[in-house]
Amino acid sequence: MASGEPKAKRAKRLEKEEPESPTKKTPTKLSPNSLFGMGNPLLDICAVVDKDLLDKYSLKADDQILAEDKHKALFDEMVKKFKVEYHAGGATQNSIKIAQWMIQEPHKVGTFFGCIGKDEFGKKLKQKAEEAHIDAQYYEQDEEPTGTCAACITGANRSLVANLAAANCYKKDKHLDLEENWKLVEKAKVYYIAGFFLTVSLESILKVAKHASENNKLFCLNLSAPFICQFFKDNLMQVMPYVDVLFGNETEAATFGKEQDFETTDVLEIAKKAQALPKVNKKRKRIVVFTQGKDGTIMAHEDKAETIPVLEIDPKDIVDTNGAGDAFVGGFLSELVQDKALDQCVRAGHYAANVVIRRAGCTFPEKPDFN
């Protein structure tokens with residue numbers, strides 16, 4: 001039973017509606033633009049660095065933060081001192097790309113909206129999106145350069161420092177509201193936005209979330225980082241009533257639980273309590289999915305919460321855990337958009353994450369080997 005809901009009240013609610021269960025549907029044939037993502041497109045600058053660099057810029061070994069003035073020199077220093085690799089990134093865009101890779105055909109099942117600059121990095125992002133066969137419709141402006149994200153890797157840890165720049169300039173009225181763009185939104189049946197975008201355009205998120213809710217489509221959100229749960233709590237909780245699938249990892253779940261006064265540090269209990277938060281579309285019960293690195297993934301759905309073991313991997317085969325969370329979501333979404341059972345969605349998520357952590361950046365081989 002969902003935590004904190006009296007039996008009598010729940011029985012009454014169930015009389016009113018029988019929630020739809022993604023576990024009971026038959027798989028559907030996909031058409032382009034079925035999966036919609038909106039977020040911060042960033043060019044990742046990845047490098048294996050030393051502890052001295054982390055200390056110099058007051059970075060934790062495993063964290064995600066927004067760049068402040070004191071971090072501005074970090075990007076140049078990484079390029080000068082370490083062997084860097086450039087990858088098209090940004091959490092939501094990564095997940096849409098992974099979902100498209102898992103699906104393969106048709107191309108452009110995944111749509112992505114975000115803001116970039118009219119510069120070389122912007123061109124690089126457009127090229128990478130094309131190579132990944134996603135339908136990226138960027139809002140291009142020339143006031144700010146394309147955003148970047150420094151991924152400072154030490155061992156199995158990574159510290160992410162995002163300089164949003166252009167990504168921070170996304171405007172609902174200049175892009176999302178345009179008829180040709182909104183048509184792409186309407187074509188989708190599953191929507192995914194990382195919590196990071198809550199710092200950029202709450203009104204854009206709410207417009208998409210309300211559309212999904214009113215049309216009984218699936219709206220998915222990621223907690224994304226502890227700082228989102230702490231410092232953007234009001235924005236997060238304005239969107240939460242529209243969330244059908246909530247993603248996060250164990251650290252984000254713990255912070256979310258603390259900020260919501262759930263009075264527990266148990267991730268399974270936090271998942272159940274998050275599932276029971278108020279929801280607008282009563283035809284669907286919320287699904288909560290919390291990954292825990294090498295420990296099992298927790299999923300609360302219907303009236304049960306379970307832990308699903310991840311695929312085993314030899315620690316020496318792990319190259320970079322940077323894209324693991326994004327890859328998990330991408331794998332999950334690739335099955336969800338085909339109306340597959342939830343356990344299959346989790347299996348696909350585990351598979352995609354297992355592939356990505358063996359490589360640098362959120363990258364993947366030409367074809368998946370998942371069945």
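I started with strand 5 and strand 6 (residues 135–141) of this predicted model, and found them paired in the parallel sense over 7 bridges. Gly-114 stands opposite Tyr-138 in strand 6.

Strand 1 (residues 35–38) runs parallel to strand 5, joined by 4 bridges. Here Met-38 sits opposite Phe-113 in strand 5.

Is strand 5 buried or exposed? I checked, and 8 of the 8 residues of strand 5 (residues 110–117) are buried, so the strand is largely enclosed by the rest of the structure. I sorted its residues by direction as well: Gly-110, Phe-112, Gly-114 and Ile-116 point one way, while Thr-111, Phe-113, Cys-115 and Gly-117 point the other way. A friendly reminder to myself: side chains of a regular strand alternate between the two faces of the sheet.

I read 5 strands in the order 3-8-7-2-4, with mixed pairing. At the edges I found strand 3 (63–66) and strand 4 (85–89), each pairing on one side only. On average, neighbouring strands of this sheet are turned by 20° against each other, direction ignored.

Within this order I picked strand 2 (residues 42–48) and strand 7 (residues 147–154), which run parallel and are joined by 7 bridges. I noted Asp-44 opposite Cys-149 in strand 7.

Last, I asked which strands helix 3 (residues 72–81) lies across. They are strand 2, strand 4, strand 7 and strand 8 (157–163), and the helix runs at about 60° to strand 7.

How values were computed. Residues are numbered from 1 along each chain as its sequence is written. This is a predicted model: local features need pLDDT of at least 70, side-chain atom pairs count only at pLDDT 80 or more; totals for chains, interfaces and linings use all residues. Side-chain values use heavy atoms; hydrogens and water are left out. Two strands pair if DSSP finds at least two bridges between them. Helices (H or I, at least four residues) and strands (E, at least two) are DSSP runs, numbered from the N terminus. Axes are lines fitted to C-alpha atoms, for helices over the stretch in contact, and angles run from 0 to 180 degrees between N-to-C directions. Contact means heavy atoms within 4.5 Å. Buried means under 20% relative accessible area, exposed over 50%, partly exposed in between (1.4 Å probe, protein chains only).
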